[in-house]
Amino acid sequence: MNLKTLKNAITYLPAKKAIAINAKHGVGKSQIVEQLAAELGYKFICLPAGQIADAGDIIGLPDKRVVSGETITAFAPPHWWPLDQTKPVLLFIDEANRVVSPSIFACLFDLVLNQNVQGKYLPKGSRVVAAFNPSNAGNFYQVQEFDPAFLDRFAVYDFLPSIEEWISYGISKGFNPSVLNFIKRYESFLDPYTTEDEIAKIKADQILPSRRSWETVSELLNKHSFKNESMELREILTGIIGVGAAVKFADFYEQDNIGVEIEALLSDFSLVEEQVKKLNSINQTSLATEISIKIASSESEKNLGIYAPNVEKFLTTVNKEVAAYVYGQINYAVNNKKTWPIALFRIRPSLISNFSKLHSITVS
């Protein structure tokens, strides 16, 4: 299941049906679900099940209350419990299969089955989503296996956002272009171990690249340029993505210099037009990634006014598949309710006709 399908499942499945996403570490499950919750109008609550110390973290602790003149004992709600009953929540139970205590498991079962603990219910229309790490990966993940009766309470999906979805997410978050271009060219380094057999062979202390660790690499490179510091970069990256990925990426990073200045391209395309025409599709795609990041991070309509005509000239100059790639990023931004695509279309209406040929949307 990819991100788009997960969004549709959350949108259209009955709210009482809990959803479980089965995914390995580093995919960004909590970030993705939080993003979807915001898009769909839920208040997001994360309950990290692997960190729950006892049942009181779920059901709350006993407290004294006065009812009809009598003092009784009742459970005070835990700190995470939604007190506003007018707004539905998306309760995300992270690492749900790391719970080992029977009492904690029993509380989670009631929460999943009835959206209820100790007589208190989640707001009407709320949704429960749980995340599991794979239980069929040998001893790599220290997790428990759930029986069919418990799993029957969920709609269970193996979850892995597509590479294109991850790149689009990276562009929207301003990831370093070299990281995105590297993954675009060497896709196997984003999720190097995806099958059950591959995961089972991983050593417990082995450092491997993941989507989370590539985001860390991006943050590193956005803070400091390691050009001409290849060995230094390799040593730092080894502790983040492992030896093999570090060597491969450091070599790529050192050579990832097309020689076309993005500012020049977006300010006056005619200055670099001949250079762009001579580039192959791979290098044109690298430029397209940088352009997408630049326009996605622009908060000024004045800047977009300068960029728009030059973006259009770039798109009519490069190969069609490269143009489709850029329009794909625009489509992702439109679907995620970003405002800059609308501003870009308003400034340069002629962009819409080309966009509509590749992506069917309504622009108002």
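Reader: At 34% relative accessibility, does Cys-46 count as buried, exposed or partly exposed?

Author: Buried means under 20% relative accessible area, exposed over 50%, and partly exposed in between (1.4 Å probe, protein chains only). Because Cys-46 has 34% relative accessibility, it counts as partly exposed, whereas Cys-107, with a relative accessible area of 13%, is buried. This is a predicted model, in which local features need pLDDT of at least 70 and side-chain atom pairs count only at pLDDT 80 or more, while totals for chains, interfaces and linings use all residues. Residues are numbered from 1 along each chain as its sequence is written, and side-chain values use heavy atoms, with hydrogens and water left out.

Reader: How many disulfides are there?

Author: A disulfide is a covalent bond between the sulfur atoms of two cysteines. With the criterion of a pair of cysteine sulfur atoms within 2.5 Å, the count in this model is zero.

Reader: How many residues does the largest nonpolar core have, and which of them have the most contacts inside it?

Author: In soluble globular proteins, nonpolar side chains tend to be buried together. A nonpolar core is a set of buried Ala, Val, Leu, Ile, Met, Phe, Trp, Tyr and Cys residues joined through side-chain atoms within 4.5 Å. The largest one here has 59 residues, and those with the most contacts inside it are Trp-166, Trp-214, Phe-249, Leu-265, Val-276 and Phe-314. Helix α16 (residues 320–335) gives the most to this core, namely eight residues. Apart from it lies another core, of 27 residues, and Cys-107 is among them, as are Ala-55, Ile-93 and Leu-111.

Reader: Leaving aside neighbours within four places in sequence, which residues are in contact with Leu-265?

Author: With contact meaning heavy atoms within 4.5 Å, the partners of Leu-265 beyond those neighbours are Val-260, Val-272, Val-276, Leu-287, Ile-291, Asn-310 and Phe-314.

Reader: What is the strand order of the open sheet?

Author: Strands (E, at least two residues) and helices (H or I, at least four) are DSSP runs numbered from the N terminus, and two strands pair if DSSP finds at least two bridges between them. The open sheet has five strands in the order β2-β5-β8-β1-β9, with parallel pairing. Its edge strands, β2 (43–48) and β9 (154–158), each pair on one side only. Strand β1 (residues 18–22) joins β9 over five bridges, and Ala-20 stands opposite Val-156 in β9.

Reader: Which strands does helix α4 lie across?

Author: Helix α4 (residues 102–114) lies across β1, β2, β5, β8 and β9 and runs at about 145 degrees to β5, where axes are lines fitted to C-alpha atoms, for helices over the stretch in contact, and angles run from 0 to 180 degrees between N-to-C directions.
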